[in-house]
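Have the sequence and the 3D view open as you read.

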Amino acid sequence: FYYISIKKRGRRNKQLSIMMLRQSATLFVLLAYFEATKATIANDEVSCRIVTLLPFSAKSEEFFRYQSPEQSRISFSYVAAAQLAMDHFNARNASISPNLDQDLAQNCPLQLTSHQVFDTNYVATTATRRLIDSMMYSSSCTPEPPCALLGPVGSHVAHGVQTVATAMGTSQVVFGEEDDDLHSSESSAVGLMLTATQRAQVMTGFLQRPGFERDFLLVSHTVETTPLTQALTEIGPSQDLQVLPFFDKEPGDETTEYRSGLLDDYKRTGIKTIFFNHHDASDLAAYAPLLEEKGMLTDEYLYIFSHEAFALDNIEATVGHYAPDSPLDKFLRGGMVFDRLDGFRRLQTSSTDESEDVFEQTSETGGDAFINSWKSLGPKFVQRINDLQPLSQDHPSYTEIPDDYFQTTTPAQYSSYVYDSVMAIGLGGCQQLATTGESRRRLQEEGGDLHIEGMKQISFRGASGQVAFAEGTNVLDPIHSTIGVFNIRPSNSTQNDENRTAEAALLAEWTKHGGWINVDGTTFVYRDGSTTPPSRKREVLETNYLSTSSKVFGYILFCTCWLLGLSGIVLIHLFRNDTAIKASQPVFLQLLSFGSVIMGTTILTFSFDEGGGWSQRQLEVACISTPWFFFVGQLMVFSALFTKLWRLDRVLQFRRRAVSVWDVMAPLTILFGVGLVILIAWTVVDPYTWNRELIQMIPAETYGECESNHFWAFFGPLMSLIVIAELATAFFALKTSDVPDGVNDTNSVMYTLGAHLQAWSIGVPILAVLGNTNADATFFGRALLIFVFSVSCTLLTVHTKVYQAYLARVNPHSKRKDGRVRISGLASAPSSMVGHASTYVRSSMDRSSNVNGTESMSIKAATRGSLSSDPTERNESKQFDLEEFPALSQSQGNIVKIQEAASENPKPDGLITGYAEQNLDQKNDDHLENSNAIQHSEEFSGKQDLRFI
């Protein structure tokens, strides 16, 4: 079992594996002997033996958190706190924990004993061997596992010991390691600390406090600190904090060149807030000169240090002394450390005097109960602690504490959690005994499971505060935890050589209920000595701003679109009385030109970014206006074309009434109305916003563009309207294609539609491939796409008509005047009805003025190859008297050309249709009311009439 656990951690040393197999064999024999002799244990002996595993020395200094004397001081403090808790529990002394006065503790026969404190050497195999050896030290001289295990310190050591403790049925209480895997619900270990996930939530919450918000956090971590780094990476985005982790090698594998290259990567990210999540304090001294060499110790950088590498209760022992303004001094100055607070440390929160030492306070002055009990311990207790020291006198790290140790030495950090861990073991055992009604035999049979279940059910007030385990977990409920944030500042005291160390000032405390609470009279002091935090933004090496040449190119395209559109409007007005313009319905040509101008304005709206000095608000306004200009322009262009052709088609139906502009405005109004409703909904519900996001971490590269969360929900319907308008335009363009060139626009409309189709089919895939890889290339593609849309409408539809009108003015005799034209629609008639007939009309007008100033017009129509099958009716000429149609005589110089002749039906109910085009003077209205259609529909009774509308 132990071999498998080690294998998962990647250690496959053959010699180590053999040693572990030997230990496993020994453990198996001892457990078998324990099972055989367990029945002899008296049921009335209710005691719980606790084994303590702590590092008093280290096999290798590189794995040691502190120097040996300092580590011994900390371990002595932990042993003293554990022994004090055992004494208080056994005596039911409620001076620190009021719960010892309650019935659960008073009626409990359980007593805590401790005969062993073992040195782990900060090595997992050593700690495991010590735990197995502890089975030989039972009070009854019978090998038996301990009731509970306290410690060890170090995540890798705790993981190794956990496997053996589980096999032995021993509950393990860890007070210093924040490892989510170590305290899973299936394990036999509980912890009086925050998990990595809980600590990450607290850290990200502080880093996003108002006025201090960080956008990015770079985390440099090692193998041991990976759990916290993973938690930060997962939780950061939910707090709007982007976390970028960097793995650092094991200390033994690092070289100066490696660290230098790693810092180059850090700098290329552009992130100014960096968390050095390292256990080893020596890493800080190694990185400091390299950071200064890379220019990363300037005022714009903010560094956060791990609580493992920065011992807040004895900073001098971890970072040593250094010269003022040295690289290490600059590195630490203005830094930040997050750590749990002991109960006695929290008293400093309410103190306005930063120089006041909590250790000097007493119960009469509001001192902490744990500190008061600590200071009351005398020489006998000191001797007891010295006797428990696991090191021999000839060991290099051997030391003893003096008689006045408890009166002169402040408890080490986490000492209050050690006290509460022992208290949890005792109260947890009482809880389980009270629940099951069993005694010592039950304790031994169930082992760690009994204590784990009992501890999960209790809640008590201890030295660190309220202690209760979160539901469904083996860790302390964060609702009762207190986290402090400390500001690293230069110490005021110096040595004879003027070297100094650092000090930590508590700035704020975090609780689950109250959140972050500032300490009165304290402010965060940054590296430059000010209280203003560095900029939250990262330094981006590539911003993908639009280049000046791209913007100039966009301006040129924009001005070209406006020039062609506005000139089209003006020229249509100047040539409005010319035949070519009049027949093409100038009001719609001007509407088309105006739509192309609006569409071309879209180029201007996306021609700016932060590189041009535009603010976020200005860019958002430009983003919102972009779909408005584009879709309003598109709808206006194709609505004008469609309405223009539809009006022409209705005129060709030869009804007995004029077809005005307002008669065909309904489709245009509907398209515009629906489009405006969608655009308004888009603007209100999910407006386009400007967003600049990180697209590459190393080197840091960003890309800015307009975004909408539900883009396709609005873009799709708007594009559907445009497609509908284009299809309708194409349909009527084809339907009216047999109308004379002077009137129809089939060619120009189809060319325009073809240009748009090609632009969509070529431009969209290119833009999709470009994506956000290059801002200039994407801008060129978008601008050219809009340019083609806008210019194709004006050049192919409007300016061609203006050019025809201009040619007619320059060379008025170039137009054919023989009046002989083909008959529209006849070629498409079914062969069964038409046969091989060909028909044309020759017309002439005889003018004669009457007394009313009207004109008398006559048309001679000759039909050759008539549709009639009666030979007597073929080649028959008919005379139509037009005096009864005064509509033709309302203006001077009317010239009527009948372009479609009546098709004679052999049946008396035949239909004769035709089309007439007029050249009108300036007095006539410029609408199609003055273009006359011919319609005849009545039975043949010896006379046929032509009706003009």
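Start with helix H7 (residues 196-207) and helix H8 (residues 226-235), whose axes come within 8 Å and cross at roughly 55°. That angle makes H7 oblique to H8, because angles under 35 degrees count as roughly parallel, over 145 as roughly antiparallel, 65 to 115 as roughly perpendicular and the rest as oblique. The axes are lines fitted to C-alpha atoms, for helices over the stretch in contact, and the angles run from 0 to 180 degrees between N-to-C directions. Helices (H or I, at least four residues) and strands (E, at least two) are DSSP runs, numbered from the N terminus.

Which residues make the contact between H7 and H8? From H7 come Ala196, Thr197, Arg199, Ala200, Gln201, Met203 and Thr204, and from H8 come Pro227, Leu228, Ala231, Leu232 and Ile235. Contact here means heavy atoms within 4.5 Å. Sorted by class, these residues are eight nonpolar, three polar and one charged; Ala, Val, Leu, Ile, Met, Phe, Trp, Tyr, Cys and Pro count as nonpolar, Asp, Glu, Lys and Arg as charged, and the others, Gly among them, as polar.

A word on where this comes from: you are looking at a predicted model, where local features need pLDDT of at least 70, side-chain atom pairs count only at pLDDT 80 or more, and totals for chains, interfaces and linings use all residues. Residues are numbered from 1 along each chain as its sequence is written, and side-chain values use heavy atoms, with hydrogens and water left out.

Now try another pair, H26 and H27. Their axes come within 9 Å and cross at roughly 175°, so the two helices are roughly antiparallel to each other. Among the residues in this contact are Tyr751, His756 and Trp760 of H26, and Arg782, Leu785 and Phe789 of H27. By class, the contact has twelve nonpolar, eight polar and one charged residues.

Zoom out for a moment. The protein chain has 28 helices and 23 strands, and of its 949 residues, 54% count as buried. Buried means under 20% relative accessible area, exposed over 50%, and partly exposed in between (1.4 Å probe, protein chains only).

What about the inside? A nonpolar core is a set of buried Ala, Val, Leu, Ile, Met, Phe, Trp, Tyr and Cys residues joined through side-chain atoms within 4.5 Å. The largest one has 67 residues, and those with the most contacts inside it are Leu592, Ile603, Phe631, Val637, Trp682 and Phe789. Elements giving two or more residues to this core include helix H19 (548-574), helix H23 (616-651) and helix H27 (775-810). The largest share, 13 residues, comes from H23. A second, separate core of 65 residues includes Leu54, Ile74, Leu192 and Phe469.

Most residues other than glycine have a negative phi, and most peptide bonds are trans. Arginine 92, however, has a positive phi near 50°; this residue sits in the loop between helix H3 (68-90) and helix H4 (103-106) and is buried, with a relative accessible area of 12%. Glutamine 585 has a positive phi too, near 60°, and is found in the loop between H20 and H21. At 2% relative accessibility, glutamine 585 counts as buried. Last, a cis peptide bond joins glycine 151 and proline 152, with omega about -5°, and proline 152 lies in the loop between strand S3 (148-150) and H6.
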